[in-house]
Amino acid sequence: MTYRDAGVDIDAGHALVNAIKPLVAATKRPGADGSLGGFGGLFDLKAAGFSDPVLVAATDGVGTKLKIAAAMNDHAGIGIDLVAMCVNDLIVQGAEPLFFLDYFATAKLEPETAVRVIAGIAEGCKQAGCALIGGETAEMPGVYHAGEYDLAGFAVGAAERNNLLPGADPVREGDLILGLASSGLHSNGFSLVRTLIDSAGLDYNSPAPFDPDQTLGQILLRPTQIYIKQVIGAIHANKLKALSHITGGGITDNVPRSLPDGVLAEIDLESWPLPPLFAWLEETGNLGDEELLRTFNCGIGMILITPKENAPLLKKSFSEAGETIYEIGVIRSAAKPDAPPGIKYQGRLALNA
């Protein structure tokens, strides 16, 4: 008996490492000079230009969006999702992503699929400006079914101590809330989405009821937007007080995480148009705004909180960078100064806000 007879092919793993080396090399940045294949990835903070850095780390996956990628045999964007879910969490604390590592686990290594996934990870790293410095590929027959794989990602970033968010200038009444548009569902809520598609008698190759020129699978697999290069300049210019990455828990649960006690975020739901995908999900599942806002991003992938005087410049700079940005609310004082941070909605979600 050999290890290969038991379902694990070490040679296939080595071949994969060699195949992805050019992809990894394309993500190189100052501070990341090590080669792929060592026992650990190296990063030099001094070479990256930091003087008094604080490290910030994040880990995440892409959830059951993987099931749709497998069903569509479309793995090109799932690696971008993986990077986005991690690095967008770093930026909300003011940290610039520095390096990334991935974990790819499967029943039996299929090199073509693995290369497509890792190519997406490399692309996500390039979009985020971070280096892919290592990872792990595991064959686990008996744990995963044939053709299945799972992904996890690990990102480390750094911020100069005085650039960490929320910063020394606290969020207070009158600060404005700006929203950056999402590229779609991103990587949250897919267990509910898959259930709703099944209940509607559709599959991922069906034309989307709200956009018949595309299939449901094509729309659902749009990669998560990576906001790093657009946001980092505003942080360094000291124009932001706080950020919220709208992931699991939606707008409802994520915005208060960035607020201090004694304030609440008052958000006007009619200040941006609800994308047709979310409107269709709401109607198909009879979800209602409350469920939609706590499950999905509803078209807003990142929320920025800034003093009122900074808003015109931020709107202009983000628009010029190709982002769609909306003024969606304002910070109000809570009834009690020690009240936990909260959120208050005005209006209703609508397609033509």
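I began with Glu282, which is buried (under 20% relative accessible area, where exposed is over 50% and partly exposed lies in between, using a 1.4 Å probe and protein chains only) yet has no salt bridge. A salt bridge here is a side-chain nitrogen of Lys or Arg within 4 Å of a carboxyl oxygen of Asp or Glu. The nearest side chain of opposite charge, Arg348, is 4.9 Å away; Lys and Arg count as positive, Asp and Glu as negative, and His and the chain ends are not counted.

I noted that this is a predicted model, in which local features need pLDDT of at least 70, side-chain atom pairs need pLDDT 80 or more, and totals for chains, interfaces and linings use all residues. Residues are numbered from 1 along each chain as its sequence is written, and side-chain values use heavy atoms, without hydrogens and water.

I placed Glu282 in helix 9; helices (H or I, at least four residues) and strands (E, at least two) are DSSP runs numbered from the N terminus. Leaving out residues up to four places away in sequence, I found that Glu282 touches Leu274, Leu287, Gly288, Asp289 and Leu292, where contact means heavy atoms within 4.5 Å.

I then looked up Asn286, in the loop between helix 9 and helix 10 (288-295). Asn286 is not a glycine, but its phi is positive, about 50°. Its relative accessible area is 70%, so I wrote it down as exposed.

I did likewise for Asn238, in the loop between helix 7 (228-236) and strand 8 (242-245). Its phi is near 60°, and Asn238 is exposed at 63% relative accessibility.

Last, I checked the peptide bond from Leu165 to Pro166: it is cis, with omega near -10°.
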